[in-house]
Structure formats: structure tokens, C-alpha cells
Amino acid sequence: MVCKSSLKVRTYECDSYGHVNNANYLHYLEYGRMESLKEMNFDYPAMIEAGYGVYVTRVEIDYKKPAFFDDLLEIRSKSIKKGAVSGVFAQEIWRGEDLLVAAKVTWAFVNSDGTPAKIPPQWDVPGLKPDPSDAKFTGK
């Protein structure tokens, strides 16, 4: 299941070279993952209220091409690995036909102490399980 979300680059996200500063892509990827969780019917607010969290533990990013002010970007997110406690999202950022960024984001489900915890059934939604039919989408 590839989830897609869009956003437009704002002026303050650009650096002195006129393109999006590399650190802002982390925000774009986060936005894409949160939109994906909504699309999967993952109840993030209820998870927080119950004392759990999802922590990012690793991010790998390949910057392919720059984005510029007012570009319309599409963030594509897909679960490519899931275990009992953690998983990996592959994500890509596109501007039209141009791949700008490919990333892999590893996450872990944690309890209120920040200790890794098995994902309870109500948050172990089907969208977190990798879909082999999307094998070409790897985030790289």
C-alpha cells in the first residue's frame, strides 16, 4: 500500500542557494508518514493517550535533485518491513516525474517509559504490513 500526500515548498524552507535546505526534508518525510498512518486508520492520538509512542530510530536519505520555492511535492510512503516491535517505511519525494529524495525510516513502538514494546492489536493495522506487490518501491 503506497500512501501519497502532497505539499508546496514555502519560502522559509529554502536556503541561501535557493533550494530546500536538506533538514527540511525530514519534516516532509514526517508529514508523509503521519498522513500514511491516518490513511491506514492508525489512531495516533489514542495511542498517545494510552501511553505509547512511535519513535524514529534511524533515517537514511539519498538526495537526488533539489526542490525549490513553490514546487508541488508528492511524498510516497510504504511499509517495507514490520516486526512485533518495529518496522521500516520506504519514502520517496517527487516533483512531477523527478525523484528528488529516497529514504528509509526505521521506527520502534514504545511504552510510556520509552522502552520498546510489542504493538498492541488495535495499532497493528494491516497497512503496516509490507505489500509484496509493491516490491519495486524500496525508497532507494
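This is a predicted model: local features need pLDDT of at least 70, side-chain atom pairs count only at pLDDT 80 or more; totals for chains, interfaces and linings use all residues.
Close-up 1. Tyr52 is partly exposed, at 27%. Tyr52 and Trp123 form a tilted aromatic pair. Tyr52 sits in the loop between α2 and β2. Trp123 belongs to the segment after β5 (98-110). The pair therefore ties together parts that are 71 residues apart in sequence.

**Close-up 2. Aromatic pairing of Tyr25 and Tyr28 in helix α1.** The structure holds six aromatic pairs. In one of them, the rings of Tyr25 and Tyr28 have centres 5.6 Å apart. Their planes stand at 80°, so this pair is edge-to-face. The two residues are three apart in helix α1, which means about one helical turn separates them. Tyr25 is buried, with 3% relative accessible area. Tyr28 is buried as well, at 1%. Ring pairs link Tyr25, Tyr28 and Tyr63 into a cluster.

**Close-up 3. Asn41, a non-glycine residue with positive phi.** The phi of Asn41 is about 65°. Asn41 lies in the loop joining α1 (24-39) and α2 (44-49). Its relative accessibility is 65%, so Asn41 counts as exposed.

**Close-up 4. Asp70, a non-glycine residue with positive phi.** Here phi is about 75°. Asp70 is found in the loop between β2 (53-63) and β3 (72-82). With 41% relative accessibility, Asp70 counts as partly exposed.

Technical notes: Residues are numbered from 1 along each chain as its sequence is written. Side-chain values use heavy atoms; hydrogens and water are left out. Helices (H or I, at least four residues) and strands (E, at least two) are DSSP runs, numbered from the N terminus. Buried means under 20% relative accessible area, exposed over 50%, partly exposed in between (1.4 Å probe, protein chains only). Rings of Phe, Tyr and Trp (its six-membered ring) pair if their centres lie within 6.5 Å; planes under 30 degrees apart count as stacked, over 60 as edge-to-face and the rest as tilted.
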